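Subject: Handover of a structure and findings

Dear colleague,

Please find the structure below, handed over for your own work.

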Amino acid sequence: MSAKPRIMVVFNQKGGIGKTTTSVNLAVCLAELGRKVVLIDLDAQSNASTSVGLTAPAATGAYQLLRGEVDVSHASRATPYPNLRLIAGSDDLSWADVEIAVKPEPQYVLERALESTPADVDVVVIDCPPAFGILSVNAAVAADVVILPVVPAPLALDGLHKAWWNIQRVRTHFNRTLETMGILFTMTEDSDVMHRITDAVTASFGGRVLPVRVPRDMKVVEAAARDLPLVILDPESPAAKAYAHLADFVESHMLEPRGPSAARSPATGEVPDEEEEELPPVRQSPPMEPGPVPGPNWDEQLAETVDILPEVSDLRWKIGVGIMLILLGGCVGYALGRWMYMPI
Ligand SMILES: Nc1ncnc2c1ncn2[C@@H]1O[C@H](COP(=O)(O)OP(=O)(O)OP(=O)(O)O)[C@@H](O)[C@H]1O
Ligand SMILES: [Mg+2]
């Protein structure tokens, strides 16, 4: 049996918070660490594709993969960086939203397409568009790990909570095996406001906050302008060093170890347990509605949210039947009354 690649999705429905920068630099750093990586650009803007060297619109890429026209090998292309292949984005991806939505079980399209990933691929990194549409849902359904970049600014926090609950919904409805979600602070600055916000998020989300912060760094903008990954343009810049640390953390905590010990257990197909300690596996829960903002003990909050739902729906059902019976009784009474006093 071939080992399944680790599927890492970089998602936040909020735009401009560093998803593409994170996807590209994480993918390049993991490739530099010797992992075989496929970077998938699911965004019609195709910024990730140009950042790793795509110079002309791609004839074959993510859109054709989603349509089932090609498998992963044929959808992907080499990049200038060893160990890194790209499944490119294209304008067609805007239309893929519509096409996928009308397919049967539209949320599983990407997951099924990724079953064709070659056995030697270690990691698939997916850069999502800035929306919680069908493409992002597909990515989250296929994911083993979701990385949520967030800029620690007041407005972005609202987006973080929404993104968190959106991923929770996907997990509870479609992807019970989604293991971890890691919040990554991006574009951080050394200011009181930012420190307060990062502390507040860390207090709320605890171990889900990744132990790396990507500072605001003008070299990132320069790299984007030159269509180069930052870690290639200037590996010594502060943000590049942060992405290198992120890759080290991902490599040691979120990927299977390399070498003979990396083998999955033949009996279960499971990875040995000791890799799970820093970001504990998320609880499996039945479907849920949007709930309260997560607190330090969000797992328990989630359990409470889930537990009260059946009672609420049961109560609604009983009230509905009661109202129907009252209405029916009224109608019967009225009909009887009319019949009794009807002139002969
Ligand atoms: N650490 C950083 N320091 C300074 N600028 C940054 C940093 N990270 C990203 N940027 C810049 O912020 C802008 C948005 O970044 P990026 O494209 O990675 O975000 P995104 O979430 O993918 O955006 P979109 O939602 O449009 O896809 C880009 O111009 C990028 O160069
Ligand atoms: Mg982007």
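Among contacts in the protein chain between residues at least 6 apart in sequence, 76% join residues at least 24 apart; two residues are in contact if their C-beta atoms, placed from the backbone, lie within 7 Å. Please note that this is a predicted model, in which local features need pLDDT of at least 70 and side-chain atom pairs count only at pLDDT 80 or more, while totals for chains, interfaces and linings use all residues. Residues are numbered from 1 along each chain as its sequence is written, and chains are lettered from A and ligands numbered from 1 in the order in which they are written.

The protein chain has 344 residues, of which 39% are buried. A residue is called buried if 20 or more other C-beta atoms lie within 10 Å of its own, exposed if 12 or fewer do, and partly exposed in between, with C-beta atoms placed from the backbone. The chain contains 13 helices and eight strands; these are DSSP runs numbered from the N terminus, helices being H or I with at least four residues and strands E with at least two.

Eight strands form an open sheet with mixed pairing, in the order 3-4-2-5-1-6-7-8. Two strands are taken to pair if DSSP finds at least two bridges between them. The edges are held by strand 3 (76-78) and strand 8 (209-215), each of which has a single partner strand, so one side of each is left without a neighbour in the sheet. On average, neighbouring strands of this sheet are turned by 25° against each other, direction ignored.

Strand 1 (residues 6-10) is mostly covered, with five of its five residues buried. In a regular strand the side chains alternate between the two faces of the sheet. Both faces of strand 1 are covered, by the count of buried residues: Arg6, Met8 and Val10 lie on one side, and Ile7 and Val9 on the other. Strand 1 pairs with strand 5 in the parallel sense over five bridges, and Ile7 has Val124 in strand 5 as its bridge partner. Strand 1 also pairs in the parallel sense with strand 6, over three bridges, where the bridge partner of Val10 is Ile147.

Strand 6 (residues 145-150) in turn pairs with strand 7 (residues 180-188) in the parallel sense, over six bridges. Val145 stands opposite Thr180 in strand 7, and Ile147 stands opposite Gly182. Strand 7 is largely enclosed by the rest of the structure, because nine of its nine residues are buried. Strand 7 and strand 8 run parallel and are joined by three bridges, with Phe185 opposite Arg213 in strand 8.

The helices

Helix 9 (residues 192-205) lies across strand 7 and strand 8 and runs at about 175° to strand 7. Here axes are lines fitted to C-alpha atoms, for helices over the stretch in contact, and angles run from 0 to 180 degrees between N-to-C directions.

Two packed helices are described by the angle between their axes and the distance between the axes. For helix 5 (residues 93-101) and helix 7 (residues 134-142), the axes come within 9 Å and cross at roughly 75°. Helix 5 and helix 7 are therefore roughly perpendicular to each other, a term that covers angles of 65 to 115 degrees. Leu93, Ala96, Asp97, Ile100 and Ala101 in helix 5 meet Ile134, Leu135 and Asn138 in helix 7. The residues of this contact divide into six nonpolar, one polar and one charged.

The ligand shell

Which residues come nearest to ligand 1? Of the 20 residues around ligand 1, they are Gly15, Lys19, Thr20, Thr21 and Pro130; a residue is near a molecule if its C-beta atom, placed from the backbone, lies within 6 Å of it. Helix 1 (19-32), strand 7 and helix 10 (218-225) are the elements that give two or more residues to this shell. The shell comprises eight nonpolar, eight polar and four charged residues. In this division, Ala, Val, Leu, Ile, Met, Phe, Trp, Tyr, Cys and Pro count as nonpolar, Asp, Glu, Lys and Arg as charged, and the others, Gly among them, as polar.

Two individual residues

Pro118 lies in the loop between helix 6 (109-113) and strand 5 (123-127). Pro118 is partly exposed, with 14 other C-beta atoms within 10 Å. Leaving aside its neighbours within four places in sequence, Pro118 is in contact with Val72 and Ser73.

Asp248 belongs to helix 12 (residues 238-253). Asp248 and Cys29 are 219 residues apart in sequence, and their C-alpha atoms are 8.4 Å apart in space.

Yours sincerely

Key:
Angles under 35 degrees count as roughly parallel, over 145 as roughly antiparallel, 65 to 115 as roughly perpendicular and the rest as oblique.
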